[in-house]
Amino acid sequence: MRRTALTLLAAVATVLGLAACDPSTSTSGKSTAPAVAATSAGAPAAPAAGDTAPSAAPPAAAPAGGGDAAKDAEITKCTVNDLLKMPEAEVRITNHSSKSSNYIVQLEFTDASGTRIAEGAAATNNLAPNQAAVQKAPGAAQVSGKVNCRITNVTRYAAP
């Protein structure tokens with residue numbers, strides 16, 4: 001199990017490095033879902049019906065290079081872990097492409113004033129066309145108070 005986790009971590013780091021070199025595969029700065037607030041107790045503040053309300057924000061513009069990976073990820077839940085006091089987002093990734101794909105979704109967690117207080121990432125591999133996966137994206141900093149979650153980058157590449 002530890003070896004698998006280390007292998008996945010190394011793969012994510014490699015892909016992030018490669019994605020930084022290829023702007024046509026990412027959607028830096030684009031959000032596909034509105035920020036969802038969470039109380040420090042982990043209970044969602046809005047929307048009240050389970051944090052799964054569709055986005056009321058206008059759709060993000062396509063990134064340079066014509067990629068549409070930003071449309072493949074959405075935040076379905078934004079909370080603060082009761083025990084660890086760390087932010088956590090649940091991300092639904094749906095492959096809208098015609099090929100099996102691997103994804104890395106990067107997020108930021110901000111406080112009520114909009115200041116970034118943590119970052120997180122979710123990844124999934126070999127997602128078939130029209131298949132969806134739900135992944136958790138934990139933040140790596142302890143927080144207090146309300147937290148907002150926002151997708152900052154989605155990278156999709158064809159699975160080998």
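Author: A nonpolar core is a set of buried Ala, Val, Leu, Ile, Met, Phe, Trp, Tyr and Cys residues joined through side-chain atoms within 4.5 Å; buried means under 20% relative accessible area, exposed over 50%, partly exposed in between, with a 1.4 Å probe and protein chains only. This is a predicted model, where local features need pLDDT of at least 70 and side-chain atom pairs count only at pLDDT 80 or more, while totals for chains, interfaces and linings use all residues. Residues are numbered from 1 along each chain as its sequence is written, and side-chain values use heavy atoms, leaving out hydrogens and water.

Reader: Which residues touch the most other members of the largest nonpolar core?

Author: Val91, Val105, Leu107, Ile151 and Val154, out of 22 residues. Strands (DSSP runs of E, at least two residues, numbered from the N terminus) S1 to S6 each give two or more residues to this core. With contact meaning heavy atoms within 4.5 Å, valine 91 touches Val105, Leu107 and Val134, among others, not counting residues up to four places away in sequence.

Reader: In what order do the three strands of the open sheet lie?

Author: Two strands pair if DSSP finds at least two bridges between them. Here the order is S4-S3-S6, with antiparallel pairing. S4 and S6 are the edge strands, each pairing on one side only. Nine bridges join S3 to S4, and threonine 110 has arginine 116 as its partner in S4.

Reader: How many bridges join S1 to S2?

Author: Seven, in antiparallel fashion. Their hairpin has six residues between the strands, and lysine 85 there takes a positive phi near 60°. S2 also pairs with S5, antiparallel over seven bridges, with threonine 94 opposite alanine 132.

Conventions. Helix = DSSP H or I, 4+ residues; strand = E, 2+ residues; numbered from the N terminus.
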